[in-house]
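Keep the viewer open as you read.

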Amino acid sequence: MTAYRLQVNGKQHAVDTDPDTPLLYVLRNDLALNGAKFGCGLGQCGSCTVLLAGQPAMSCMVPVSVVGARPVRTVESLGDARQQHTIGVLQQAFIDEQAAQCGYCIAGMIMQATALLEREPQPSDARIRAHMAPNLCRCGTHMRILRAVRRAADRLAKDKR
Amino acid sequence: MNRPRRKRHVKRWLLLAAVIAAACIAWIIMWRPALAPQTAIPSFDDTRIARGANVATLGMCASCHTPDLSRPFAGGKPIETPFGTVHSTNITPDAATGIGTWSLDAFTRAMRKGVARDGHLLYPAFPYNHYVRMTQADIDDLYAYLMTRPALDAPARPNDMTFPFGLRPLVAFWNLLYLDDAPWRPDPAQSAEWNRGAYLADAVAHCAACHTPRTLLGGPDIKRQLDGGEAEDWYAPALNARSPSPLPWTRAQLASYLRTGLAPDHAIAAGPMQDVVMLLAQARPDDVDALAAWTHSQLARAPVRETPANTPGPLPAPRADDPELAAMRLGHALYAHSCARCHDAGRAASSGTALPLQQAIALYDPDPRSLLHLIDDGVHPPDGEAGRTMPGFRNILGDEQAVALAAYLRKYGAGQPAWPDLDDTVRKARTP
Amino acid sequence: MSADPGRRRFLAAGGALTLSFALPLHAVSAELPESLDKTPWLDAWIRIGADEQITVFTGKAELGQGIKTALLQVAADTLRVAPSRVRIVTADTARTPDEGITAGSNSMKDSGTALRHAAGQVRVRLAQLAAARLRVETASLSLKDGVFVTPDGRRATYGQLVTGQQLHLRATPQAAPPPPGPNTAIGQSLARLDIPAKVSGAPAYVQDLRLPGMLHARVVRPPAQAARLAGIDSNAVERLPGVVKVVRDGRFLAVIADGEYRAVKAAAALARAARWDTPAVLPARQDIATLVRAQASTAMPILERGGPIAGGRRLAATFTRPFQLHGSIGPSCAIAQLVDGRYTVWTHSQGVFPLRSALAELLAIDQDTMRCIHVEGSGCYGHNGADDVAADAVLLARALPGRPVRVQWMREDEHAWEPVGAAMVAEVAATLDASGRIVDWRYDVWTPSHNTRPGKAGNLLAATHLARPFTPPVPTPSPQPEGSGDRNAIPYYLLPNARVTHHFQPKAVLRTSAMRGLGAYCNVFAIESFMDELARAAQVDPVAFRLRHLEDPRALDVIRLAAEKFGWDGYRRTPRRGRGFAFARYKNLAAYCALAVEVEVARETGLVRITRVAAAVDCGEIVNPDGVRNQIEGGIVQSASWTLLEQLRFDAQRVLSVDWASYPILRFGQAPDKLDVHLIDRPGQPFLGTGEAAQGPAAAALANAVFDACGLRMRDLPLDRERIRAS
């Protein structure tokens, strides 16, 4: 067991755990954050996607020992970072499009999309499709997920003007 | 007074004559005539087309000309060269944007001489300096196959060449140096299968285009055949006595690798090699076996040596007297926490065992780029196809961590001397 | 639970009686509709608190199909209250009616109908109570948002009226009149109740449950079903950090630890410490047709009409479907706790009541000492690992009384051990007369069981691995019209002479069970592909061909709507592209679904691109239109994944498809360019199950479109790239 200081969703956390523990388990079990999900633990499905220093990372493949001072963001951080569960623009777009069936993949989708929209505010539809490719959805909600990301992109662009 | 002036006059005229002569010679070297466009595509019998399909897969046409699987042979793939970015062209039989108006003669000239139908010279990113040694029968069959594909509208994308290398006529001088049009000759001392493999490797699959180093002018360095080269920023290992593979390749391993992309407990195809094996999987099995036979004969020249690959197992912690102890400790921790979960000998990882890292050829390459690609991007089969997968760590490991991990693996995994300038290579690899 | 065929159902609709029949007809009995029949007390379904809170109880479970929201809408609408005033409690053996399994697209029919009926009678009862309290005639009361108002403005709220046992009444067969005024919730696309939590990371799944003192466990499964444990030395594992207990009972091996990743590592160590003998018993090199036909089967005729026809033009074809995986994106998970001799199990099983029965048998305890509570998991699409992991959890809870034990299957566990979608072989033959009509039809389908759900402990995986193992009961097929492997084997078309036979196979080379649509996926694929072949042989447009063989106006309507929205007439073929059509009525008694697809095929690479889809659906009276669209869209995209990509692979010893790398499914790059679902609402008609209606038609439409695009008639699923390249 080793002590780690992690910055998650803008707050510092002290965690005591084995160094090889994937960040996914630290988030879920030590910090009681549900957004990142266990889908495969193999880096193949993206259900565990978080942002690590602004880049999408599959938290099941991130040993807690490599995180260091880099900020971690999960779906709980979107919207007003001071409040848990605040709905941000992407989350609202997913709600507006009812872009979920079982919903298990959705938090990962939202984080993956966040990484894109924070870098490329006006991505083309083809770009969105290509960017979301690492994330799997088994229920077949693909069309709605793409529409939700598109909707969020359009809304963010409008907010900027 | 007259004699010196006449001397200068003569000199000037001689100079002018020389310039004109040089220009004429240069023009003769650089200029090629347009060949008349054909107005109708001839028909071909199915056997020729089937043979042509095989030539196309062995010739790796799709690896450059099919970047979009939904538009076969429509081209558009950007190919980075030291001279700029070239885009592959549309080789479907579309009349306006493809090769639909190309007669067999025009097609043959392109394959052997690198000249397009309208006379412009093709950049040698297109490996005509290998295809030149294809038999006419193979070129005929390939023509039959390509001309019977669905015609797709796909205009050539503009290239982005560094001046003056974009000037196509200058390619003629490259051709003078590197276009060897002597026909391919079998070696009578070798078997039919070996010769078939040798022919395919040189003239069709053009292995040396990646696996032989290039000169400053981008031509093959024929004095260092198969000494190792590069493709798409990956290091393509030497296929001869200088093979970096810590364990000798067996013929069966090679055959398995070329046909499936995987030699169990030995190697996995990654990077540009994935396209190669994906196409070889569709080629005639006996041709792939022939390639394996020939390639094996080259690799068999590599001396057998003692490496850590002979004793695979968990990679060790750094020695207490290691001069770079702190960095090596970091690298070891990264290995233990990130890699060992799958790569530790004896751990079954998901749908297949991952190689114990002492046996990973990339660690023995003279060049760390392939290892860095593997660490950053992992290995993924094409979308929708089953295959081995390794996740990428680009967004997980910071630059310093990637450097430390690569350095540690090089020293404690392969027992090889450090790669120079590893820091720079990592930074360059990670800058888009 | 309504598995019985042949019940006549009465529904009042605007004063007109509508009869809907399932075949065959039985004598009319004074039965209550659907799930009410088993649970007739009104307050088992609806409770009203003095605080005006209305609680609705359903035995069905939210699987991500939106049923919680839809059922709540039905109740709220019928009670004429705002949906925001209603809470819904799902599938809990201690609190809700027993509605069996949430499957078969039966939830709206079973539970929605029951709730509507019960809520109607509750409303009538409340009106009577209000009339008595306010001393007026019931007819003079107006009702708005749960408040009765007299003409002179006096009021009585629902909460004021229910102070004791007023709703403890048995439901009566006669339906209440419809609530006054226009629908307030039915027919609206009410936003799903569960989505906000899912996009914000609030607890939503069984995987999110954290109980005080909870321990984490992992099971170490054998390398294959036939593997035998030769030996194990677990001493070192027991000493690993965090390990609380190592459990071994026969081939059932598990480790319980105080931290989740420690459990993962300990399980890996335990796996390495075990030695297995894995015999080579699987038929690795056989094609599906050979493999399936090699199993013993019992011929069960399910349709025998007319006789064989001589003459005419005869066509025949054989279609196959491989084993396929549910592939739930979140591997199965359960938590169990044993306290003072009583078990509580938190599970995403589709059927908490049958599960409880099986678990009780497994543990040799009284059912009453166990409570199974449904908590959402990820999409299950049928019988996945949910029940099995619950069995794992109770066995481990028993080994550590007092502590909650959470068992999470790994990805490899779910892929390698879920009961798979059954392989199928279908042989079709038909005769066309000179006018291009089908005069004779023969259909034979061979397939193992599509239902090995617990009820019995022998259908729980761990139970078969114990030192004294339970034996799986011999599966029996569900009778028509529900069917199992023979679901939708009887075409909906008018066929004067037809013989359909289900060759049921009690044994299979792999453990098979219910997967979305059951046999309907392959049967509709086969029938609708063959209808296309017949249409072309008769030189008739595929849509027109179907229309001429149907009478049901609702079927005609969906077909015409899908064709119209696709632009079927006047379609201009472009190179490499083609169109395909398919229609089916799920189980011949549930929702109608027609769809038209355009694909683009690249033969050289084998890639099939879905450029556009137009679907039309009739599911009776629509409760939540967007919910229906969501299910159909999802069904089409999921079916596209099955149809274009998926087949389970195994070698002589074991299943090889153990993760996404070895069992690829559709990614965003292959999702359709455009997908539109058009709904036909039938107010007053019974609710028809929709969740599985698109699986079969999507497969056939794709195959028909591929043929239209490039002339390849593919009869073996999946239509994957290798097959297209090779042909």
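How much area do chain B and chain C bury between them? The model is a predicted one, and in it the two chains bury about 1800 Å² between them. Carbon and sulfur atoms account for 54% of that area. On the chain B side, the residues that lose the most area to chain C are B:L69, B:S70 and B:D383, which together make up 26% of what that side buries. If you count residues, 22 from chain B are in contact with 19 from chain C.

One pair to look up is B:E385 and C:R721, whose side chains meet in a salt bridge at 3.7 Å, N to O.

Now turn to the contact between chain C and chain A. Here the buried area is about 4800 Å², and carbon and sulfur atoms give 54% of it. Chain C contributes 65 residues to the contact and chain A contributes 53. Within chain C, the residues losing the most area to chain A are C:V199, C:I329 and C:F668, together 18% of what that side buries.

Which elements of chain C give two or more residues to the side that touches chain A? They are the helices α4 (195-200), α6 (260-272), α10 (411-417) and α14 (625-645), together with the strands β9 (215-220) and β28 (674-680), of chain C. Of these, α14(C) gives the most, with 10 residues. In total, 8 salt bridges are counted between chain C and chain A. Polar contacts across this interface come to 37 residue pairs, both residues at pLDDT 80 or more.

Next, look inside chain A. Its domain assignment gives domain 1 (2-78) and domain 2 (89-160). The centres of these two domains, taken over C-alpha atoms, are separated by 21 Å. Their contact takes 19 residues from domain 1 of chain A and 15 residues from domain 2 of chain A. About 1400 Å² is buried between the two domains, 58% of it given by carbon and sulfur atoms.

What links these two domains through charged side chains? The count is 1 salt bridge between domain 1 of chain A and domain 2 of chain A. A:R73 forms a salt bridge with A:E118, with the closest N and O atoms 3.0 Å apart. On the side of domain 1 of chain A that touches domain 2, the elements giving two or more residues are β3 (49-52) and β4 (55-58) of chain A. There are also 6 residue pairs in polar contact across this domain interface, both residues at pLDDT 80 or more.

Chain B is divided into three parts: domain 1 (46-178), domain 2 (192-299) and domain 3 (310-430). Take domain 2 and domain 3 of chain B, whose C-alpha centres lie 23 Å apart. The contact draws 20 residues from domain 2 of chain B and 19 residues from domain 3 of chain B. Together these domains bury about 1700 Å² between them, with 64% of it on carbon and sulfur atoms. Their interface has 2 salt bridges. B:E230 forms a salt bridge with B:R369, the closest N and O atoms being 2.6 Å apart. On the domain 2 side, β5 (234-236), β7 (267-268) and α11 (272-280) of chain B each give two or more residues. The polar contacts between domain 2 and domain 3 of chain B number 5 residue pairs, both residues at pLDDT 80 or more.

Finally, let's go to the nonpolar cores. The largest has 101 residues, and those with the most contacts inside it are C:W441, C:Y443, C:L534, C:F581, C:F583 and C:V599. Helix α11 (residues 520-537) of chain C supplies the largest share of this core, 11 residues. A second, separate core has 63 residues, including A:L6, A:L27, A:C48 and B:L372.

How values were computed:
Residues numbered from 1 in each chain as written. Chains lettered and ligands numbered in written order. Predicted model: local features only at pLDDT ≥ 70, side-chain atom pairs only at ≥ 80, totals over all residues. Heavy atoms only, no water. Core = buried A, V, L, I, M, F, W, Y, C linked by side-chain atoms within 4.5 Å. Buried < 20%, exposed > 50% of the residue type's maximum accessible area, 1.4 Å probe, protein only. Helix = DSSP H or I, 4+ residues; strand = E, 2+ residues; numbered from the N terminus. Domains from an automatic or database assignment. Contact = heavy atoms within 4.5 Å. Buried area = accessible area lost by both parts, 1.4 Å probe. Salt bridge = Lys/Arg side-chain N within 4 Å of Asp/Glu carboxyl O. Polar contact = N/O pair within 3.5 Å; in protein donor to acceptor, adjacent residues only side chain to side chain.
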